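Please look at the structure shown below and read the notes that follow it.

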Amino acid sequence: LLRALSFVLAVLPAGRAAPPSPEAGLLRHLAGVSEERQAFALPEPVARGQALAFAFRDAAGARDDLRAGIEGLASAGSSAFGLHVACRERGEALFGVSGLEAAYVARGLRDVPVLGLQAACEIAPVAGGAALLTHAAVLALLPG
């Protein structure tokens, strides 16, 4: 269980009706474990009976998602400016290479100036409302 803290994430439902999934859920660190109780703790309350899923930190999957997201934004039309906010758990901590995520953004959005930031978390729209995201990157483009 202690080893799982470094690569397993809990996935909470993003909305009331949606089951949790890594693509549409809220990722959270396992905040602690008790081997004797065979239990783990999360950084926020979970209701009895609430659905829960698990995900692995996956650098290859994160790169694929990043590439697909950038391609989708690049094909949406011209933009005057962009803002890229990435969780500090990404970058070199996930990919093993410093600057990889910034290079993907710069290459995919060549003609758009983008300000990049690292943060402990991000806030973005999820399931019809604002949600606190972790282990995520948020890329927003302002139309030109």
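Phe54 counts as partly exposed because its relative accessibility is 45%; buried means under 20% relative accessible area, exposed over 50%, and partly exposed in between, with a 1.4 Å probe and protein chains only. Phe40 is also partly exposed, at 36% relative accessibility. This is a predicted model, in which local features need pLDDT of at least 70 and side-chain atom pairs count only at pLDDT 80 or more, while totals for chains, interfaces and linings use all residues. Residues are numbered from 1 along each chain as its sequence is written, and side-chain values use heavy atoms, leaving out hydrogens and water.

A pair of aromatic rings is described by the distance of the centres and the angle of the planes. Rings of Phe, Tyr and Trp (its six-membered ring) pair if their centres lie within 6.5 Å; planes under 30 degrees apart count as stacked, over 60 as edge-to-face and the rest as tilted. The count by this rule is two aromatic pairs. One is stacked: Phe7 and Phe56, at 5.8 Å centre to centre with 15° between the planes. This pair links distant parts of the chain, with Phe7 in the segment before strand E1 (8-13) and Phe56 in strand E5 (residues 53-56), 49 residues apart. Helices (H or I, at least four residues) and strands (E, at least two) are DSSP runs, numbered from the N terminus. Phe7 is partly exposed at 28% relative accessibility, whereas Phe56 is exposed at 58%.

Phe40 and Phe54 form an edge-to-face pair, 5.5 Å centre to centre and with 75° between the planes. Phe40 lies in strand E4 (residues 39-41) and Phe54 in strand E5, so the pair ties together parts 14 residues apart in sequence.

## Helix H1

Helix H1 (residues 59-74) has 16 residues and spans 22 Å from its first C-alpha to its last. That is close to the expected 22 Å, which is 1.5 Å times one less than the number of residues. Its buried residues are Ala59, Gly61, Ala62, Leu66 and Ile70. Seen down the axis of H1, these fall within an arc of 165°, so they line one face of the helix; the arc is that of the directions from the helix axis to the C-beta atoms.

The buried residues of H1 pack against helix H2 (91-95), helix H3 (100-108) and strand E10 (137-143). On the face turned away from the buried side are the exposed residues Asp65 and Glu71. Asp58 caps the N-terminal end of H1, with a side-chain oxygen 3.4 Å from the backbone nitrogen of Ala60.

## Ala62

Ala62, found in helix H1, is buried, with a relative accessible area of 10%. Not counting residues up to four places away in sequence, Ala62 touches Arg90, Leu94 and Phe95; contact means heavy atoms within 4.5 Å. Ala62 and Gly144 are 82 residues apart in sequence and 28 Å apart in space, C-alpha to C-alpha.

## Arg28

Is Arg28, at a relative accessible area of 6%, buried or exposed? Arg28 is buried, and its place is in strand E2 (residues 25-29). Its side chain reaches the backbone oxygen of Leu132 at 2.9 Å. Leaving aside residues up to four places away in sequence, Arg28 touches Leu9, Ala10, Leu12, Pro43, Glu44, Leu132, Leu133 and Thr134.

Conventions. Polar contact = N/O pair within 3.5 Å; in protein donor to acceptor, adjacent residues only side chain to side chain.
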